[in-house]
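Okay, thanks for coming, everyone. I've got one chain to walk you through today, so let me put it up.

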Amino acid sequence: MDVLREVDSNSQSVGTQGKDKHSIHTFAIQTFITNPMTITDLNGSAGRVPVATVAFQSTVSNIGKLGIDTYVMAGDGIVGPQNETWAVRMGDLKWNIRIWDLTFCDGSGAGVCTSGDVGQYVELE
């Protein structure tokens, strides 16, 4: 994951003007808070699978927050919701990306948003 950007319904970048842009072009300079590793279980249709979990969080240019949760499987099993399960083996890695408190361009031209820009989606590369 290198880039996070807010795009409109045509996948065009919005919020690209000014100091607090609605994008990150590299995560190399982002400050992440790392939570201590925890050992927990993922529930699966065939029981529980032990996992080591580490969570990272960062602020996105004063417009929202990004979190990445990593799960390293400490055993074999089947995980996922009932209608969407998959097999895992010890050492497999699963990750979730969470985005919250995000302020989208609303067309008003406020802040770094050009008048008429309306953010619809977040794109990650």
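This is a predicted model: local features need pLDDT of at least 70, side-chain atom pairs count only at pLDDT 80 or more; totals for chains, interfaces and linings use all residues.

Residues are numbered from 1 along each chain as its sequence is written, and side-chain values use heavy atoms, with hydrogens and water left out.

So, what's in there? The chain has 10 strands and 0 helices; both kinds of element are DSSP runs numbered from the N terminus, helices being H or I with at least four residues and strands E with at least two.

On overall dimensions, the radius of gyration is 18 Å, whereas a compact globule of 125 residues would be near 14 Å. That's taken over C-alpha atoms, and the globule rule is 2.2 Å times the number of residues to the power 0.38. Along the principal axes, the C-alpha atoms fill a box of roughly 50 × 30 × 20 Å. Buried residues make up 30% of the 125; buried is under 20% relative accessible area, exposed is over 50%, and partly exposed is in between, with a 1.4 Å probe and protein chains only.

Now the sheet. Pairing here needs at least two bridges found by DSSP between the strands.

Let's look at β1, residues 4-7, which pairs with β2 over 2 bridges. Arg5 stands opposite Ser23 in β2. With β10, β1 has 4 antiparallel bridges, and Leu4 has Leu124 as its bridge partner there. Which residues cover the two faces of β1? Leu4 and Glu6 are on one side, Arg5 and Val7 on the other, and all are buried.

Leu124 comes back in a nonpolar surface patch of about 220 Å², together with Met1 and Ile99. Patch residues have over 30% relative accessible area and no salt bridge, with like charges joined within 9 Å and nonpolar side chains (Val, Leu, Ile, Met, Phe, Trp, Tyr) within 5 Å. A salt bridge, by the way, is a Lys or Arg side-chain nitrogen within 4 Å of an Asp or Glu carboxyl oxygen. The areas are Shrake-Rupley with a 1.4 Å probe, and for residues only the protein chains shown count as cover. Ile99 itself is in β9, residues 93-100, and counts as partly exposed because its relative accessibility is 34%.
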